[in-house]
Amino acid sequence: MRVLTKKNIMILGSILLAFAIVQLLMSIGILNSFYQITIATICINIILAVSLNLVTGFTGQFSLGHAGFMSIGAYVCAIIMMRIPSTYGFLLGVIAGAFAAAFVGVLIGIPTLRLKGDYLAIATLGMAEIIRVIFLNMEITNGAAGLNGIPRFANWLWLCFFTVATIIIINNFIRSSHGRACISIREDEIAAESMGINTTKHKVMAFALGAFFAGVAGALYASYFYFLKPDLFGFLKSIDILVIVVLGGMGSITGSVIAAILLALLTTFLQSFTAVRMIVYAAILVVIMIFRPQGLMGSKEITDLFEFRKKDDRIE
Amino acid sequence: MSLLSVEKLTKSFGGLTAVSNVSLHIEKGELVGLIGPNGAGKTTLFNLLTGVYVPTSGNIKLDQGGKIKELGGLKPYNVTKTGLARTFQNIRLFKDLTVLDNVRIAMHMNVQYNMTAALFHPNKFFNEEDRIREEAEKLLQIFHLTGKKNEFAKNLPYGEQRHLEIARALATKPSILLLDEPAAGMNPNETAALTEIIGWIRKEFDLTVLLIEHDMSLVMKICERIYVLDYGMMIASGKPEEIRANKKVIEAYLGEDVSNA
């Protein structure tokens with residue numbers, strides 16, 4: 001079993017430890033409900049950023065439609081949970097939401113992924129707006145008023161579980177031959193095609209996988225925050241996710257994780273300075289981008305810094 | 001039937017005919033050269049053969065053990081799957097990836113696990129990855145790149161980047177290798193070494209080779225037959241000594257005045 005390497009056991013150990021510490025702090029009341037919301041936001045943003053990083057950072061396809069896929073996961077999960085208010089309903093909702101988002105990802109991906117760069121960004125932006133307007137006009141989603149009173153089943157355990165699962169699966173994908181094929185598209189599409197890689201297929205594959213996990217994030221959002229309306233998933237939400245990816249480093253999973261945590265903490269601590277909050281937030285982003293234009297982690301992973309990672313296994 | 005036969009191939013870009021009515025054939029195991037002055041349409045012809053461009057008219061036929069396959073109009077990745085691999089005139093390596101990854105990526109179309117295995121890494125995944133790595137390292141050894149397998153491709157010296165491109169093309173397990181100016185920018189020593197390697201891999205991998213080259217010493221030394229293109233038209237073909245004496249070729253290369261003088 002090559003899954004049980006020293007490195008993987010150490011990673012698993014640190015995840016369990018982090019989970020236990022947060023759980024303990026919650027149960028003895030040090031982390032009150034205000035901080036618990038921050039933690040939920042962090043988890044959801046990590047899933048969103050890591051999945052967008054797969055599309056934008058690794059496959060090199062500039063997408064501004066991630067919030068659209070998130071909203072599909074959110075609405076599908078919410079509608080299912082309101083009819084089956086149980087843990088099973090919640091899990092069914094997450095899975096159905098994710099698959100629905102992936103399905104739409106394939107549908108949108110096939111026509112739009114022929115485009116490159118800025119054109120693709122505009123096309124995906126448009127697609128996300130179409131999804132939003134559809135939700136705004138559907139009866140089952142209750143239009144602009146939104147869905148209220150979605151049962152809350154997403155707790156720290158599930159948030160942690162889905163976040164870790166997302167990171168592991170996307171990391172696995174990137175470190176497989178399929179993932180390398182996606183990265184080669186970012187590097188040089190013509191050369192990739194000449195090496196026998198069906199570039200359209202792999203772009204759609206990465207896009208659908210990214211949409212799948214955006215759907216998971218949306219489902220968790222719906223179940224944690226009780227309330228959904230189409231405006232939550234507008235253009236600005238997509239930009240928020242992109243900011244995390246760019247800040248963390250395009251092509252670095254740990255970068256996305258670190259940036260998601262940092263930005264959520266920053267927002268939380270700036271809550272007390274309402275007047276200057278957005279100015280400080282924006283100023284910090286500008287300063288970071290000036291001094292580290294490649295993002296906090298560049299294209300490196302945190303494991304690259306440790307000894308137990310064999311140099312052989314580097315992919316970026 | 002020849003392994004690869006091109007019949008009356010034409011490619012026009014608007015009013016410009018880059019390749020006009022070109023016919024050529026390559027037999028199995030041959031090493032054929034394609035020469036011509038700058039802008040003669042050599043690379044366009046390569047791009048037609050490898051699916052980068054769709055021909056305006058004409059056929060490209062590949063003999064797959066008795067079965068004839070038309071390559072004109074196929075997507076580049078499907079052409080590669082039929083066993084044609086190429087290098088590029090202006091090196092197109094995956095610059096920010098390691099030398100090893102450059103070769104491993106080219107092995108993707110022969111990979112023996114599916115998307116599910118890529119996501120969940122069962123044991124089958126690790127066995128296949130081991131095989132890929134082993135084969136990639138074997139290829140790197142041929143080109144003396146083993147010691148640099150973890151370097152970024154962009155950090156290799158120019159000559160080694162050219163070698164890596166050939167290694168990457170070989171990783172797709174081709175039967176026909178198309179080399180677009182493999183010796184461009186190399187000094188005489190490097191060209192001599194490259195000549196040797198091309199000869200060796202040809203035998204080792206049982207390859208048929210078509211190469212575009214400006215360096216006459218390389219072409220005359222290793223090519224068994226040579227085609228000459230000028231202004232998109234095939235002006236001569238034959239053995240190296242015939243080409244060297246061909247008046248049309250001398251005119252195309254040196255200009256009419258010189259031959260008249």
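A: Start with a definition. The radius of gyration is taken over C-alpha atoms, and the globule rule is 2.2 Å times the number of residues to the power 0.38. Keep in mind that this is a predicted model.

Q: What radius of gyration does chain B have, and what would a compact globule have?
A: Chain B has 261 residues, so a compact globule would have a radius of gyration near 18 Å. The chain has 19 Å, which agrees with that. Its C-alpha trace spans about 70 × 40 × 35 Å along the principal axes.

Q: How many residues of chain B count as buried, as a percentage?
A: Of its 261 residues, 43% count as buried. Take the contacts in chain B between residues at least 6 apart in sequence: 66% of them join residues at least 24 apart.

Q: How many helices and strands are in chain B?
A: Chain B has eleven helices and ten strands.

Q: How do I read a sheet?
A: Strands of a sheet pair through backbone hydrogen bonds, either parallel or antiparallel. Now the case here. One open sheet of chain B has six strands in the order E6-E7-E8-E3-E9-E10, and its pairing is mixed.

Q: Why is one side of E6 and of E10 left without a neighbour in the sheet?
A: Strand E6 (84-86) and strand E10 (233-238) of chain B stand at the edges, and each has a single partner strand, so one side of each has no neighbour in the sheet. From one strand to the next, the twist averages 20 degrees.

Q: In which sense do E3 and E9 of chain B pair?
A: They pair in the parallel sense. Four bridges link strand E3 (residues 31-35) and strand E9 (residues 225-230) of chain B. B:Leu34 stands opposite B:Tyr227 of E9(B).

Q: Which helix packs on this sheet?
A: Helix H1 (residues 42-49) of chain B does. H1(B) touches E3, E6, strand E7 (176-180), strand E8 (208-212) and E9 of chain B. The direction of H1(B) makes about 150 degrees with that of E7(B).

Q: What is the strand order of the four-strand sheet in chain B?
A: The order is E2-E1-E4-E5, in an open sheet with antiparallel pairing. Its edge strands are strand E2 (16-26) and strand E5 (67-70) of chain B, each pairing on one side only. The twist averages 25 degrees from one strand to the next.

Q: How many bridges join E1 to E2 in chain B?
A: Strand E1 (residues 4-13) of chain B is joined to E2(B) by seven bridges, and the two run antiparallel. B:Leu9 has B:Val22 in E2(B) as its bridge partner. H1(B) packs on this sheet too, touching E1, E2 and strand E4 (57-64) of chain B. Its direction makes about 65 degrees with that of E2(B).

Q: How do I read a pair of packed helices?
A: Two packed helices are described by the angle between their axes and the distance between the axes. In chain A, helix H7 (residues 177-187) and helix H9 (residues 199-225) pack at about 110 degrees, with axes 10 Å apart. H7(A) and H9(A) are therefore roughly perpendicular to each other. Among the contact residues are A:Cys182 of H7(A) and A:Met205 of H9(A). By class, the contact of H7(A) with H9(A) has five nonpolar, three polar and one charged residue.

Q: Which helices of chain B supply residues to the side that touches chain A?
A: Begin with the totals: 31 residues of chain B are in contact with 28 residues of chain A. Helices H2 (76-81), H3 (99-106), H4 (115-120) and H5 (123-142) of chain B each supply at least two residues of that side of chain B. This side has 16 nonpolar, seven polar and eight charged residues.

Methods: Residues are numbered from 1 along each chain as its sequence is written. Chains are lettered from A and ligands numbered from 1 in the order in which they are written. This is a predicted model: local features need pLDDT of at least 70, side-chain atom pairs count only at pLDDT 80 or more; totals for chains, interfaces and linings use all residues. Two strands pair if DSSP finds at least two bridges between them. Axes are lines fitted to C-alpha atoms, for helices over the stretch in contact, and angles run from 0 to 180 degrees between N-to-C directions. Two residues are in contact if their C-beta atoms, placed from the backbone, lie within 7 Å. Angles under 35 degrees count as roughly parallel, over 145 as roughly antiparallel, 65 to 115 as roughly perpendicular and the rest as oblique. Ala, Val, Leu, Ile, Met, Phe, Trp, Tyr, Cys and Pro count as nonpolar, Asp, Glu, Lys and Arg as charged, and the others, Gly among them, as polar. A residue is buried if 20 or more other C-beta atoms lie within 10 Å of its own, exposed if 12 or fewer, and partly exposed in between; C-beta atoms are placed from the backbone.
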